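Hi everyone, thanks for coming.

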Amino acid sequence: MMIQHTDTNTKMKRERSKQAVVLAMESRWEEAVSVNREVLDIFPDDVESLNRLGKALSELGHYSDARQAFQKAVDISPSNTIAKKNLERIASLGDDSPQRPPRHGGVPPHFFIEETGKTGITVLVDKASKQVLARVAAGDPVFLESSGNTLLAKNNLGENLGAVEPKLGMRLLRLMRGGNKYEAATTKIDQQCIQVIIKEVYQHPSQIGRLSFPPKGHDSFRPYVWEGAFHYGAEDDDAGSRNQPDDWGDVRNQA
């Protein structure tokens, strides 16, 4: 039976879609599932709602249902990169995989706004197995933990995701031991790498004047991290790169 898309239905879709995005940003995944399904009851081929539903289901650990949602999105729109990437991400997870507990108070959008000298992007080394990385999505919070002279990055289950690049890790460890505090989140996850943004959220008085992420030279900087954050490599812990992360869309579009 063909569903009539009345003005009322279209208005409902618009309102519910906005609500679903807000719920995702607040990590209220069970409510997000319900709202997206309300939209799909009337607009069963809405690809954006299918992607949001798949994201919410995967956050709850319902991987089989998440795969079905993402697969339907691909069937409707074969070029949809969000659905395809998520299918790849959860391909190795069976229905009995450890479920990630729902996150409360996920990383807010303003976290990704750059502050010169206080924000940096790093690619983790000694990264975790595919099974562990499959339970992580772009935009997830990352918890930094020292282990001797290594700065580890862990997910909300306490699983080790990898280590911060050595020279940057050593620098941040010295600042942390001096009283600085940092928060982090993922910006890119794929089979090749896991990329993390790290932000100084508190500078101890004893560390005044010491930049967590010193730039190279005296260039001007753009105001957003996906255009201007520093990317630290192993060659020089003061080196910066302002290339846009390939999958910044992961963070914004998976909400």
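Predicted model: local features only at pLDDT ≥ 70, side-chain atom pairs only at ≥ 80, totals over all residues.

Residues are numbered from 1 along each chain as its sequence is written, and side-chain values use heavy atoms, with hydrogens and water left out.

Now the overview. The protein chain has 9 helices and 7 strands; these are DSSP runs numbered from the N terminus, with helices being H or I of at least four residues and strands being E of at least two. Of the 255 residues, 47% are buried, where buried means under 20% relative accessible area, exposed means over 50%, and partly exposed is in between, with a 1.4 Å probe and protein chains only. The accessible surface is about 12,800 Å², and carbon and sulfur atoms account for 49% of that; the areas come from the Shrake-Rupley method with a 1.4 Å probe, and for residues only the protein chains shown count as cover. As for contacts, meaning heavy atoms within 4.5 Å, take the ones between residues at least 6 apart in sequence: 65% of them join residues at least 24 apart.

On to the helices. Two packed helices are described by the angle between their axes and the distance between the axes. Here the axes are lines fitted to C-alpha atoms, for helices over the stretch in contact, and angles run from 0 to 180 degrees between N-to-C directions.

How do H3 and H4 cross? Helix H3, residues 47–59, and helix H4, residues 63–76, have axes that come within 8 Å and cross at roughly 160 degrees. The two are therefore roughly antiparallel; the cut-offs are under 35 degrees for roughly parallel, over 145 for roughly antiparallel, 65 to 115 for roughly perpendicular, and oblique for the rest. The H3 and H4 crossing is left-handed, that is, the near helix is turned anticlockwise from the far one by less than a right angle, with clockwise being right-handed. Residues making this contact include Leu50, Leu53 and Leu57 of H3 and Ala66, Phe70 and Ala73 of H4. By class, the contact has 10 nonpolar, 3 polar and 3 charged residues; Ala, Val, Leu, Ile, Met, Phe, Trp, Tyr, Cys and Pro count as nonpolar, Asp, Glu, Lys and Arg as charged, and the others, Gly among them, as polar.

H4 also packs on helix H5, residues 81–90: their axes come within 9 Å and cross at roughly 150 degrees. H4 and H5 are therefore roughly antiparallel too, and the crossing is left-handed. Among the residues in contact are Tyr63, Ala66 and Phe70 of H4 and Leu87 and Ile90 of H5.

Next, some single residues. Valine 33 sits in helix H2, residues 29–42, and counts as buried because its relative accessibility is 8%. Beyond its neighbours within four places in sequence, valine 33 touches Leu53, Ala56, Leu57 and Leu60.

Alanine 24, in helix H1, residues 7–25, is buried as well, at 9% relative accessibility. Its C-alpha is 8.7 Å from that of lysine 55, which is 31 residues away in sequence.

Last, is aspartate 126 buried or exposed? Aspartate 126 is exposed, with a relative accessible area of 67%. It lies in the loop between strand E1, 119–123, and helix H6, 130–133, and has a positive phi of about 50 degrees although it is not a glycine.
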